[in-house]
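User: I am new to this structure and would like to go through it step by step. Could you show it to me?

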Amino acid sequence: MENRLKRWLDGLKSGERLPKKNQLIILLLTGILLLVIVVPLPENADQDSADPVTASAQEGNEDSQKYEEYLEKRTEETLRHVEGVGEVEVMITLRSTGQKIVEKDQQSSSQSTEETDSAGGTRSTEESSSDKTSVYEQGTDGSQIPYVTKEISPEVEGVVVIADGGDNAVVVRNITEAVQALFGVEAHKIKIMKRADT
């Protein structure tokens with residue numbers, strides 16, 4: 001490749017033939033390819049232009065993970081104090097992420113109309129419309145944030161409890177009843193198992 005390029009450049013100096021159209025196109029494309037390879041793309045470009053909906057979904061997933069961990073820890077701490085349970089580990093799965101209820105302003109308007117037909121009868125109609133708009137509060141940086149009036153915690157889907165006393169029928173019943181009382185989960189979505197000796 002170097003020899004061809006050298007011969008071609010020597011030919012240009014001596015006034016010999018000019019390169020063909022195809023050779024010029026190849027040289028141009030090679031130059032553009034080298035330019036693209038050499039110039040790095042900014043790493044933060046993708047992060048800065050991230051979709052706010054995707055960002056809030058990721059934030060919601062992180063919140064639900066923290067909520068799961070919190071519930072697991074509190075349940076473990078509680079069950080450790082129950083007679084016969086012993087050392088215990090709890091795993092909780094959630095049905096969905098939590099839900100935030102946004103405050104809405106409701107504006108209603110109504111309009112009534114009376115019509116008279118050719119026989120002398122009258123008919124009145126009333127039209128009403130209602131508009132709901134979200135209420136926003138201003139953040140410290142000047143951004144508009146929806147005003148959340150209520151947050152609904154995620155529902156517990158299932159619970160697995162691994163305990164030293166998981167082979168005792170009385171302990172299993174006590175754990176099952178405790179989990180049902182805490183989370184409102186049906187008995188078939190609760191699994192109690194004996195902890196393996198390590």
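The conversation below looks at one strand, its charged contacts and a surface patch.

Analyst: Please keep in mind that this is a predicted model.

User: Let us start with strand E1. Which side chains point to which face?

Analyst: Strand E1 covers residues 88–94. Val88, Val90, Ile92 and Leu94 point to one face and are buried.

User: Which one involves glutamate 89?

Analyst: Glutamate 89 forms a salt bridge with arginine 195, and their closest N and O atoms are 2.9 Å apart. Arginine 195 lies in the segment after strand E9 (190–194) and glutamate 89 in strand E1, so this pair ties together parts that are 106 residues apart in sequence.

User: What salt bridge does arginine 195 form with an aspartate?

Analyst: Arginine 195 forms a salt bridge with aspartate 164, with the closest N and O atoms 3.7 Å apart. This pair links distant parts of the chain, as arginine 195 is in the segment after E9 and aspartate 164 is in the loop between E8 and helix H5 (169–183), 31 residues apart. Aspartate 164 is partly exposed, with a relative accessible area of 31%.

User: What about arginine 95 and its partner?

Analyst: Arginine 95 forms a salt bridge with glutamate 157, the closest N and O atoms being 2.8 Å apart. Arginine 95 sits in the loop between E1 and strand E2 (99–102), while glutamate 157 belongs to strand E8, 62 residues apart. Arg95 and Glu157 are also part of a network of salt bridges that includes Glu155, Glu186 and Lys189.

User: Last topic: which residues make the nonpolar surface patch?

Analyst: Ile25, Leu28, Leu29, Ile32 and Val36 make a nonpolar surface patch of about 490 Å². Among them, leucine 28 is found in helix H2, residues 21–38.

User: Is leucine 28 buried or exposed?

Analyst: Leucine 28 is exposed, because its relative accessible area is 55% and the cut-off for exposed is over 50%.

Note on methods
Residues numbered from 1 in each chain as written. Predicted model: local features only at pLDDT ≥ 70, side-chain atom pairs only at ≥ 80, totals over all residues. Heavy atoms only, no water. Patch = residues over 30% accessible without salt bridge, like charges linked within 9 Å, V, L, I, M, F, W, Y side chains within 5 Å. Areas by Shrake-Rupley, 256 points an atom, 1.4 Å probe, with all protein chains shown as cover. Salt bridge = Lys/Arg side-chain N within 4 Å of Asp/Glu carboxyl O. Helix = DSSP H or I, 4+ residues; strand = E, 2+ residues; numbered from the N terminus. Buried < 20%, exposed > 50% of the residue type's maximum accessible area, 1.4 Å probe, protein only.
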